[in-house]
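I opened this entry to log what I looked up in the structure. Short notes follow, one topic at a time.

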Amino acid sequence: MAILEVLHFPDNRLRNKAIAVESICSEIKEIAKNMLETMYAESGIGLAATQVNIAKRIIVLDLSEEKNEPLILVNPVITKLEGTETSREGCLSVPDYYDTVERAEHIEFNYKTLDNQLVKTDSDGLLAICVQHEIDHLDGKLFIDYLSPLKRQRLKKKIEKQEKQEGKVL
Ligand code: ZN
């Protein structure tokens, strides 16, 4: 297992669109395990493969308090969106920034497990929000895309300034 590097906004690789996993081979299982390990190491509750620069439709989640209920979703697809709900979101790819985003309240979705089983399910609350947030990543979309352009521009400038101070950007 390995901890992977999480890309940070405004890295353009976060805009890559992930492609569907064709067969769940050992490589895919290894990627999913590494993604879980990375998510736990970064104290996140969700991670999409795009965030670790892997262009495959895989997301991992763990919404439990004890961090012992990992969920791995391969090729997740939302089939129904209902209602609206706003909540404050953050993202491992946008460190130290939180803002209010409106999403569907209730979703129906399906995915494949690592055992190649198709699961059809539905959810509301935090799980519904997370699934929408992570599938957005697979489509190259970030939660801050829902903010006003002015807010996003300010955030980009702030992050670039921070990175200069940390010496990451010359
Ligand atoms: Zn995110």
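I started with Asp99, which is buried at a relative accessible area of 9%. The model is predicted, and I read every value below as computed from it. Asp99 forms a salt bridge with Lys151, with the closest N and O atoms 3.1 Å apart. This pair links distant parts of the chain: Asp99 sits in strand S5 (residues 94–103) and Lys151 in helix H3, 52 residues apart. Lys151 counts as partly exposed, at 35% relative accessibility.

Next I looked at the other salt bridges. A search of the whole structure gave me 8 of them. One of them joins the side chains of Arg15 and Asp145, at 2.8 Å from N to O. Here 130 residues separate the partners: Arg15 is in the segment before helix H1 (26–41), and Asp145 is in the loop between H2 and helix H3 (149–166). Arg15 is partly exposed, with a relative accessible area of 33%. Asp145 is partly exposed as well, at 23%.

I then turned to Glu160 and Lys156. Their side chains meet in a salt bridge at 4.0 Å, N to O. Both lie in helix H3, and because they are 4 residues apart, about one helical turn separates them. Glu160 is partly exposed at 34% relative accessibility, and Lys156 is partly exposed at 28%. I also noted a network of salt bridges that links Glu89, Arg103 and Asp136.

Which protein atoms are the donors of the zinc ion? I found Cys91 (SG), His133 (NE2) and His137 (NE2), at 2.1 to 2.2 Å from the ion. Their spacing in sequence reads C-x41-H-x3-H. Cys91 in strand S4 (residues 85–91) and His137 in helix H2 (residues 125–138) are 46 residues apart, so I logged the pair as a link between distant parts of the chain. Is Cys91 buried or exposed? Cys91 counts as buried, at 11% relative accessibility. His137 is buried too, with a relative accessible area of 1%.

Ile45, Leu63 and Leu126 make a nonpolar patch of about 230 Å². Leu126 has its place in helix H2 and is partly exposed, with a relative accessible area of 48%.

Last, I followed a strand pair. Strand S6 (residues 106–112) and strand S7 (residues 118–124) pair in the antiparallel sense over 7 bridges. Phe109 stands opposite Thr121 in S7. The two strands, S6 and S7, form a hairpin with 5 residues between them. In the turn, Asn116 has a positive phi of about 65°.

Terms used:
Residues numbered from 1 in each chain as written. Predicted model: local features only at pLDDT ≥ 70, side-chain atom pairs only at ≥ 80, totals over all residues. Heavy atoms only, no water. Pairing = 2+ DSSP bridges. Donors = N, O, S within 2.8 Å, 3.2 Å for Na, K, Ca; no water. Buried < 20%, exposed > 50% of the residue type's maximum accessible area, 1.4 Å probe, protein only. Patch = residues over 30% accessible without salt bridge, like charges linked within 9 Å, V, L, I, M, F, W, Y side chains within 5 Å. Areas by Shrake-Rupley, 256 points an atom, 1.4 Å probe, with all protein chains shown as cover.
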